[in-house]
Amino acid sequence: MKESFFEKKFDQYFLKDKNIAKKIVKNLSFQDYNTVVEIGPGLGILTRYLLLLCKKVFLIEIDENLIFFLKKNFSISKNQIIHQDFLKWNPEEINLNNFALIGNFPYGISSKILFHILKYNQYIPECIGMFQKEFVERILSHKGMGKYGILSVLVQSFYDVEYLFSVKKHVFYPIPNVKSAVISLKRKKLKILFNKDILFLCVKMAFNQRRKILKNALQYFKKIPNFYDIPFLNKRAEQLSIKEFLQLTKEIEIRK
Ligand code: SAH
């Protein structure tokens, strides 16, 4: 296939190794759901195995040429092959409310993809995905680690994250400049008892001014009653564990 066929703007690096594709798909647990949505199926190397294993598959692909290719090559209902930017996709529009996500994701929009998953987390019990390895390390970081940041806290607040395996560069075409890794996100079983909007706001404000102690970084909340009694205010964002961020969120919520 000619190099010009690939759209750099859509981050297209196609997996060539079928065994790796199979290994990625096999990590889906299919627990409590029977629908899987694949983001960026490309030429369908993962899709092939997905169709063997699960009842209902939806494909979301941004590139019109690939949509044409997928419709021609896969016997799957046309309305399950969706030509759309995943970041603008709303599962409610097609009445999907319980499904897993899978993908060898376009790395350039990894953070945005995760934020989009978090936005609809109540519908998504599981996600298996390939990202840039460095990005995966950020998501898996804990307090005190240099890479600990907004996404580490937010993703781990809703999901148990597991590192599955690394993937070498030469199994892609074209060969990317970065290493890859596959992770699994499994939604936490516990009911979410914290306010999602406050958590997002808190975590973003705390890390956007990561050198300041929280008392100063969270000035937006300073007018709520007894603000200064909230615990952890003399710490900086990177010193707070995920559990403590959730506690902080509750402390703010009960005062509002
Ligand atoms: N899953 C395939 C392709 C991976 S490359 C494989 O493993 O070989 C990333 C894929 O994501 C490409 O097909 C690209 O066109 C698609 N893509 C890029 N941005 C997208 C977006 N915003 N929404 C949906 N698909 C996107």
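This is a predicted model: local features need pLDDT of at least 70, side-chain atom pairs count only at pLDDT 80 or more; totals for chains, interfaces and linings use all residues.
Q: What makes a residue a contact of phenylalanine 200, and which residues qualify?
A: A contact means heavy atoms within 4.5 Å. Leaving out residues up to four places away in sequence, phenylalanine 200 touches Phe115, Leu118, Leu154 and Phe158.

Q: Why is phenylalanine 200 called buried?
A: Its relative accessible area is 16%. Buried means under 20%, exposed over 50%, and partly exposed in between (1.4 Å probe, protein chains only). Phenylalanine 200 therefore counts as buried. Its place is in helix 7, where helices are DSSP runs of H or I with at least four residues, strands are E runs with at least two, and both are numbered from the N terminus.

Q: What makes alanine 206 buried, and what does alanine 206 touch?
A: Alanine 206 has a relative accessible area of 1%, so it is buried. Alanine 206 lies in helix 7, residues 196-208. Serine 241 is 35 residues from alanine 206 along the chain, and their C-alpha atoms are separated by 13 Å.

Q: How do you know whether serine 157 is buried or exposed?
A: The relative accessible area of serine 157 is 3%, so this residue is buried. Serine 157 is placed in helix 6, residues 150-158. Not counting residues up to four places away in sequence, serine 157 touches Lys188, Phe194, Leu199, Ile242 and Leu246.

Q: Why does the pair formed by valine 153 and serine 157 meet the distance limit for a polar contact?
A: A polar contact is a pair of N or O atoms within 3.5 Å; within protein, one must be able to donate a hydrogen and the other to accept it, and residues adjacent in sequence count only if both atoms are side-chain atoms. Here the backbone oxygen of valine 153 is 2.6 Å from a polar atom of the serine 157 side chain, so the distance is within the limit.

Q: Why is lysine 55 called exposed?
A: Lysine 55 has a relative accessible area of 72%, so it is exposed. Its place is in the loop between helix 2 and strand 3. From C-alpha to C-alpha, lysine 55 and valine 36 are 8.3 Å apart in space and 19 residues apart in sequence.

Q: Is phenylalanine 232 buried or exposed, and what is its phi?
A: Phenylalanine 232 counts as buried because its relative accessibility is 15%. Its phi is positive, near 75°, in a residue other than glycine. The residue is in the loop between helix 8 (214-217) and helix 9 (242-255).

Q: What kind of peptide bond joins tyrosine 173 and proline 174?
A: The bond is cis, with omega about -10°. Most peptide bonds are trans. Proline 174 is in the loop between strand 8 (172-173) and strand 9 (180-187).

Q: What makes a residue near the ligand, and how many surround the ligand?
A: A residue is near a molecule if one of its heavy atoms lies within 4 Å of it. The ligand is surrounded by 22 residues, the closest being Gln12, Gly40, Glu61, Asp85 and Asn104. Strand 1 and strand 3 each supply at least two residues of this shell.

Q: Which backbone atoms lie within the polar distance limit of the ligand?
A: A backbone N or O atom of phenylalanine 86 is 2.9 Å from a ligand nitrogen. A backbone N or O atom of isoleucine 62 is 3.4 Å from a nitrogen atom of the ligand, and one of glycine 42 is 3.4 Å from a ligand oxygen.

Conventions:
Residues are numbered from 1 along each chain as its sequence is written. Side-chain values use heavy atoms; hydrogens and water are left out.
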